[in-house]
Amino acid sequence: MMEIAGYLPAIEGEEFAFKTLTFEAKDEKLAVQVPVLTKEQMDKITERIKIASANVLKSLTITEIVQVIDRVIEQLLDRTNPYRQKAEQLLPIITGYDEELVRLGLTAYLKTFRKQNLQRFLVEDFGNPLLIDDFQPRSKRGYSKAIGPNLIVQIWAGNVPALPLWSLISSLLVKSGSIGKVPSAEPLFAGWFAKMIVDVEPKLADCMAVVWWKGGDEEKERHLFQQADVVLAYGGNESLDSIKSRVPITTRFLPFGHKISFGIVSKMSLDSRKSWKTIHHAAYDVIRYDQQGCYSPHVFYVQKGGNVSPREFARLLAHELEGFEKRYPRRALSVEEGASMAEWRQSEELSMYINREKEVLGEVSGAWTVVYADKEGELVPSCLNRVIKVTEINELTEVIPYIDTHRAYLQTVGIASTPNELFALSDLLGKAGVTRITGLGSMTSPEAGWHHDGRCNLLDLVNMVDIEHSAEEYAESLASYVD
Amino acid sequence: MTHEIVDSVLQFLKNESTSDIAFNDQALRLFNYQYKHNLPFQMYCRQKGKTPRMVKTWKDIPAVPINAFKDLTLSCEDPEKAEDIFMTSGTTKGVRGKHFHPTLQVYDNSMLINFNARFMNGYESIRTGILFPTEAEMSNSSLSHYLALAFKHYGTSESRYFVNNEGLQVEQLLAELREVEELGEPYALLGATFSFVHLFEELQTRGKSFNLPKGSRILDTGGFKNKSKELELGAFYTQLSTLLGVEKSNCINMYGMTELSTQFYDSGNEVVPSLKSGPHWIRTRVVNPLTGGEVAKGERGVLVHCDLANFNSVTTILTEDLGIEKEAGFLLLGRVQGAEAKGCSIAVDEFIRAAKGSSL
């Protein structure tokens, strides 16, 4: 099978080169051609996007833009739509994730971009969504308007299918043109989305480009970043650091780097009636996208004193993971991934000779591993791909010293607790650096308008323009109607 | 018991006409001995459900991950009484792997027999230059012991070392190369791969090259290990042959590990990666690291070596090296690179670095 990825505005007389990326999973092969532009072509496209962003995007109202996005999302939620069908067919091949998990994941994810959610997204950041359309009165007097950039360069990661939608939709909502670089690991979805947007609203044809270049191509990046107002990038901290070095000081850089997430389970959620649900949710957070997301859990802190002890929790979690493995098998691992998992597991096994309370649960093929490590509370990343550590705590607040030193890396906490516990703990977690607290089972599906890594998605992209009261007053004195 | 075991191993090394059955018998004999006397290994086996009752062939012997040499004391004899302890250079978490040798007799025999067969090319001795520190300077290095054996047993009296505490003695080495070039007698240059890379850099800066006499041989080992500029393997051997004038077929790579007592060699590096093989007392399997099961022939996997010269620690180790099984040996594809997380989920190594405060 062959698929052409990416999206480019039509430029007369230009032939674009393509690079072929090949994927193999589920006994199927797929070749994906991604567009690779020369410096001159990139310049032409950049110019065109900047003009279209200023003339076309910024002339549309936010309501119109929301409608275009909503229309596309509606099509993508329709399982008879050809793009949706293509996504369901091809994404499992390129990502290796289970077909059913991809399908369910897509639906849940896409739902967060329906009209009502987008409106919430806007209100969340701007208070008044009209701020992006026109000057709006401020309570302190004067007026303000949010001006989106003309060009956002976006560098996406490929750990979760369709991930680029967050930033692509955000840039549309602030009326900004985009040039996005697709990851080699999932080069398809962003291009499809751009094409669908243009199908729904042909006026937007010149407002986006979805391309590819080899990561770390310094010359290309340096040149492109020179022309961007904002550079937004997802990835490992090392690659982000290197990208940052090429972004001019006058250009805003928004990095979304490595994060670590974990779960907290109160004994209140572990009575005989509720525990099965708690454990099911915990396992679900582990299996979704095989822990490749920044919001995926690495450790579960389980409180002692419930009907189910932390050790039993670990065993039941293992059982649940085995159940999920039958229904939604983990993707096949490369030799490298297998080796790093084996190494992780072996070092846990070897440490059992020192800590006799420890248990390493897993079956021969290594499709999942649960390590019960009683009092080893320190927050340490697992090697991913359905490997989780369960550790016991007496009080929920005991978690804080374990995570305190990792402040810069903390992101999501999935909690199963009572309301009182939730609010008391959330305050402490927030102070420790956690930016998202969610119910167990929802760790991998953030709400629309979430503050990704504690930031305002839309607000971070725009510049505010203020008309101060004095200007207004001054103007009034010069009006033609002045008496 | 030790004497008996040592004698039986030495006998096995000497005996050239060994069969599959003999290899198996000897492996099981060592397994039973190690299971009995090496308690951490016994615990490891029990946990894997591999007791002497369950282990029927050498392939059933549990492969011990090389990291276990860091975490456990793997020795049948009192480690305090070891004649020598070889330590790994890798210091993940600041811990070095230890390999205890109650006697060096077996290691030395294993090295000498094999080196003679695979490197000496029929010579009884050869003038040798060593690009690695001496044993006195690196007392726990198995490689410095290995090179010292080659130096003592197969080097002529003019042989010498060209690395000391200050590093590579470039001037002396260049003078030596000039001398042997003029004398026209075959020369052997042995050392760590990264030492050769330093030599290349020196030669290139000075615009120099040599044409070592016919019959000269080079042995490199150890790979680049982040100690020098990474060179692509093909480029490395091309430089060896153009800068020193030794044909690629006479550039031998030795693949060994602190955790083993036997080395693997190739028969030259005209084609890379080259085919590696060992003597009759070591066998290699290529496995799926997660399941431990052998991969289909021709597929990539992780190497497991069963080394019957490892009489005191464990015979069978699980490496972190990638390879492909071939008819007459295996292709070594380098170390398994830690799989990096594809997106924003943090990789373990980076997290540990960050926690230590040494991150970017």
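How many salt bridges does the rule find across the interface of chain A and chain B? In this predicted model, the rule finds 2 salt bridges there.

## Interface of chains A and B

One salt bridge between the chains joins the side chains of Lys48(B) and Glu349(A), with an N to O distance of 3.0 Å. Two helices of chain A, H9 (237-244) and H12 (335-351), each provide at least two residues of the side that touches chain B. H12(A) gives the largest share of that side, 13 residues. By class, the side of chain A that touches chain B consists of 21 nonpolar, 19 polar and 10 charged residues.

In total, 50 residues of chain A are in contact with 37 residues of chain B. The two chains bury about 3500 Å² between them, and 65% of this area is on carbon and sulfur atoms. Between chain A and chain B, 5 residue pairs are in polar contact, counting pairs with both residues at pLDDT 80 or more.

## Nonpolar surface patch on chain A

Chain A carries a nonpolar surface patch of about 330 Å², made by Phe135(A), Tyr143(A), Ile147(A), Val465(A) and Ile467(A). Strand E5 (143-147) and strand E18 (463-467) of chain A each supply at least two residues of the patch. Tyr143(A) has its place in strand E5.

## Salt bridges and a pair within one helix

Over all chains, the structure holds 41 salt bridges. One of chain A's pairs is formed by the side chains of Glu100(A) and Arg103(A), at 2.9 Å from N to O. Both residues belong to helix H4 (residues 99-111) of chain A, where Glu100(A) and Arg103(A) are 3 residues apart, about one turn of the helix.

## Backbone features in loops

Which peptide bond has omega near -5°? The bond from Val272(B) to Pro273(B) has this value and is cis. Pro273(B) sits in the loop that runs between strand E11 (264-265) and strand E12 (275-276) of chain B.

In chain A, Gln291(A) is not a glycine, yet its phi is positive, at about 65°. The loop that holds Gln291(A) lies between helix H10 (275-287) and strand E12 (297-303) of chain A.

Conventions
Residues are numbered from 1 along each chain as its sequence is written. Chains are lettered from A and ligands numbered from 1 in the order in which they are written. This is a predicted model: local features need pLDDT of at least 70, side-chain atom pairs count only at pLDDT 80 or more; totals for chains, interfaces and linings use all residues. Side-chain values use heavy atoms; hydrogens and water are left out. Contact means heavy atoms within 4.5 Å. Buried area is the accessible area (1.4 Å probe) that two parts lose on being put together, summed over both. A salt bridge is a side-chain nitrogen of Lys or Arg within 4 Å of a carboxyl oxygen of Asp or Glu. A polar contact is a pair of N or O atoms within 3.5 Å; within protein, one must be able to donate a hydrogen and the other to accept it, and residues adjacent in sequence count only if both atoms are side-chain atoms. Helices (H or I, at least four residues) and strands (E, at least two) are DSSP runs, numbered from the N terminus. Ala, Val, Leu, Ile, Met, Phe, Trp, Tyr, Cys and Pro count as nonpolar, Asp, Glu, Lys and Arg as charged, and the others, Gly among them, as polar. Patches are made of residues with over 30% relative accessible area and no salt bridge: like charges are joined within 9 Å, nonpolar side chains (Val, Leu, Ile, Met, Phe, Trp, Tyr) within 5 Å. Accessible areas come from the Shrake-Rupley method with a 1.4 Å probe; for residues, only the protein chains shown count as cover.
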